[in-house]
Amino acid sequence: MRDINEMLVRRGYLWQSFEIYGGMAGFVDYGPLGNGLRRSLENLWREYFVINERAIEIDTPTIGIEDVFIASGHASSFTDVAIECESCGKIFRADHYIKEKLGIETEETAEFVREVLSTYNLKCECGGRFKDPENFNLMFSTTIGPGKGKPGYLRPETAQGIFINFKRIADYFRDKLPFGVCQIGRAYRNEISPRQGVIRLREFNQAELEYFTHPGNKKHPLFKKYNNLKIPLVDKNDVEHNITLREAVEKGIIAHELLAYFIGKTADFLIRAGIKKELLRFRQHKDDERAHYAVDCWDAEAKTSYGWIEIVGIADRGDYDLTRHKKYSKEDLSIFISYDNPIIRKVKKVIPKMSELGPTFRGKAKKIANALENYSGEIGESIELDVDGERIKVERKFFDVVETEEKIFGERIVPHVIEPSFGLDRITYAILEHSFDKDVVDGEERYVLRLKRWMAPVQVAVLPLLSKEPFTSKAEEIVQILKNSGFFTERDDSGSIGRRYRRYDEIGTPFCVTIDHQTFEDSTVTIRDRDTTEQVRVKIDELPNILRSLLVSERDIKEFGERFR
RNA sequence: GCGCGAGUAGUCUAGUGGUAGGACAACGGCUUUCCGAGCCGUUAGCCCGGGUUCGAAUCCCGGCUCGCGCACCA
């Protein structure tokens with residue numbers, strides 16, 4: 001199966017970054033074809049998760065200032081403290097090790113760990129002493145501005161750029177839930193040991209949707225579309241269920257309908273993109289596996305030669321992020337929700353008399369008045385208030401009491417967010433593996449990349465049967481027609497015709513257009529289908545429209561013309 | 001980060017201290033040429049740095065990358 005990796009490099013899908021300088025693990029360059037495939041994937045994703053949702057796309061910086069990651073929790077939970085044994089060289093995550101050996105929850109700071117180590121005289125399993133604990137942060141850090149600058153980090157996920165714009169976004173949607181906001185872009189994690197090619201990168205591509213919803217309404221009107229979809233669901237106890245999404249929600253395996261909706265939609269999207277259904281499953285995070293922000297989380301996993309790999313994470317992040325940013329930025333990141341009918345309540349209100357308060361309490365009068373207005377307890381002949389920590393008794397003569405009807409039109413809530421987060425590099429790779437095939441034609445082995453037609457980076461290749469005039473200029477003429485029609489087109493007149501067909505089979509080009517002798521008699525060309533190697537003859541005039549129909553569907557080319565040969 | 005193994009044209013591979021060889025691919029040409037045909041020709045390589053040696057692809061040290069195992073993967 002690893003034959004594919006050789007092909008991907010040789011034909012321009014994926015290259016090792018910094019290759020001429022010896023390379024660096026965890027980085028990958030997209031060659032022309034890989035870039036094209038990933039772009040197709042992004043566009044398909046937009047179609048599913050932006051255009052066909054109440055959702056928008058934004059773009060925010062890849063560098064974030066420190067405040068953002070302190071609030072998001074990444075500054076602390078992203079930093080692990082490591083301890084290394086002096087004699088056996090083993091490295092442990094300090095918090096895991098201490099919890100396991102001593103049953104103590106640890107603050108993740110080097111100082112705290114150092115203290116625990118000395119207080120309990122904690123040793124390595126082999127009996128050796130630990131070296132001084134060290135921090136390692138999985139975020140790339142940088143400084144912003146001249147001199148020492150301000151500390152900044154390369155974002156470990158695109159999501160934070162969305163949360164911190166919440167006020168503007170809510171405004172854009174006129175405060176009406178639910179709504180979705182997405183971002184497609186790069187994110188960075190300073191992995192300790194990146195491996196397995198494109199599976200674990202230090203700089204990678206994400207497509208994330210943050211779908212904001214009312215906490216009491218985790219449903220989606222289009223869920224019925226995926227009601228009866230069956231896809232393997234592995235729950236947090238490693239039990240596999242082969243039931244419909246509707247049943248999974250009813251049985252409480254999936255926390256709620258909205259999560260199930262995005263599981264269904266994700267499955268639909270991945271299959272449309274070229275992931276094989278039988279090599280796809282969803283797996284629920286175990287309790288100790290969930291990120292610091294997640295309430296429930298399901299991963300889409302694709303089976304590849306590396307085993308089952310996580311390609312999408314669908315998490316219910318609750319109100320974690322907005323609440324945190326609300327606290328740290330002191331901005332109101334809630335939304336006002338109107339009730340269908342206002343609630344009417346009779347209330348007694350305390351009205352402070354400033355003319356009395358002023359002369360008596362002087363400087364404190366204003367604060368006392370505020371406290372009186374907000375007072376909601378029993379009203380007697382006097383009211384006791386806490387003002388700046390001081391207990392003050394306010395006599396009846398300092399306020400009036402009026403009885404009014406109060407209409408409550410709604411309430412402020414912090415929305416919950418459901419986040420489908422896609423690892424585009426892994427999905428791209430999984431598509432390539434799932435599409436890769438070997439075929440025997442006339443006793444000769446050929447490599448075929450059976451990409452979905454709408455995903456292919458080169459959609460059509462124009463091949464003159466003979467690489468000489470007038471075939472070559474006719475080919476160029478047809479290339480121009482196709483390029484003008486918006487197709488990604490290549491021309492190839494090098495080598496025998498069979499060799500050229502194989503070349504385009506290998507990179508996944510779904511259709512080849514061949515100019516032959518008959519072209520000059522009746523203005524026709526042949527279209528060859530990659531998967532069946534069948535050919536049909538069509539008029540040049542009709543070629544763009546026919547290709548357009550073929551490229552968005554899986555229709556048989558024989559619907560469009562006479563079979564050739 | 002630790003341990004083991006590997007690194008020779010674009011790709012695969014031969015070469016174990018003494019002139020780096022082959023296959024495929026690519027490129028040019030010939031051949032009225034529809035599924036990797038043939039013939040002629042061309043381009044192109046010892047991962048990087050240091051050491052040992054008269055001489056290193058080959059031996060030694062360090063780095064980088066790749067594979068496998070451990071650890072890590074919010």
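This is a predicted model: local features need pLDDT of at least 70, side-chain atom pairs count only at pLDDT 80 or more; totals for chains, interfaces and linings use all residues.

Trainee: What makes the crossing of helix 2 and helix 10 right-handed or left-handed?

Mentor: Helix 2 passes helix 10 in a right-handed crossing. A crossing is left-handed if the near helix is turned anticlockwise from the far one by less than a right angle, and right-handed if clockwise. Residues are numbered from 1 along each chain as its sequence is written, while chains are lettered from A and ligands numbered from 1 in the order in which they are written.

Trainee: At what angle do helix 2 and helix 10 pack?

Mentor: The angle between helix 2 (residues 32–51) and helix 10 (residues 257–273) is about 145°, and their axes are 11 Å apart. Axes are lines fitted to C-alpha atoms, for helices over the stretch in contact, and angles run from 0 to 180 degrees between N-to-C directions.

Trainee: Which residues make that contact?

Mentor: Helix 2 brings L41, L44, W45 and Y48, and helix 10 brings K265, F269, R272 and A273. Residues are in contact if their C-beta atoms, placed from the backbone, lie within 7 Å. By class there are six nonpolar, no polar and two charged residues. Here Ala, Val, Leu, Ile, Met, Phe, Trp, Tyr, Cys and Pro count as nonpolar, Asp, Glu, Lys and Arg as charged, and the others, Gly among them, as polar.

Trainee: Why is F18 called exposed?

Mentor: F18 has 11 other C-beta atoms within 10 Å. F18 sits in the loop between strand 1 (14–16) and strand 2 (28–30), and its phi is near 60°, a positive value in a residue other than glycine.

Trainee: And what makes N190 partly exposed?

Mentor: N190 has 18 C-beta neighbours inside 10 Å, so it falls in the middle class. N190 belongs to the loop between strand 10 and strand 11 (203–213). Leaving aside neighbours within four places in sequence, N190 touches L138, M139, F140 and R202. N190 and R202 are twelve residues apart in sequence, yet 5.4 Å apart in space, C-alpha to C-alpha.

Trainee: Which residues of helix 16 are buried?

Mentor: They are R500, Y501, Y504, D505 and I507. Their cover includes helix 2, strand 23, strand 26 (511–515) and strand 27. Helix 16 is followed by G508, whose phi is positive, near 90°.

Trainee: How many residues surround RNA strand B?

Mentor: There are 52, and the closest are G22, P156, A291, G498 and D516. A residue is near a strand if its C-beta atom, placed from the backbone, lies within 6 Å of it. Helix 16 gives the largest share of that surface, seven residues. The surface near RNA strand B has 15 nonpolar, 20 polar and 17 charged residues.

Definitions and conventions: Helices (H or I, at least four residues) and strands (E, at least two) are DSSP runs, numbered from the N terminus. Two residues are in contact if their C-beta atoms, placed from the backbone, lie within 7 Å. A residue is buried if 20 or more other C-beta atoms lie within 10 Å of its own, exposed if 12 or fewer, and partly exposed in between; C-beta atoms are placed from the backbone.
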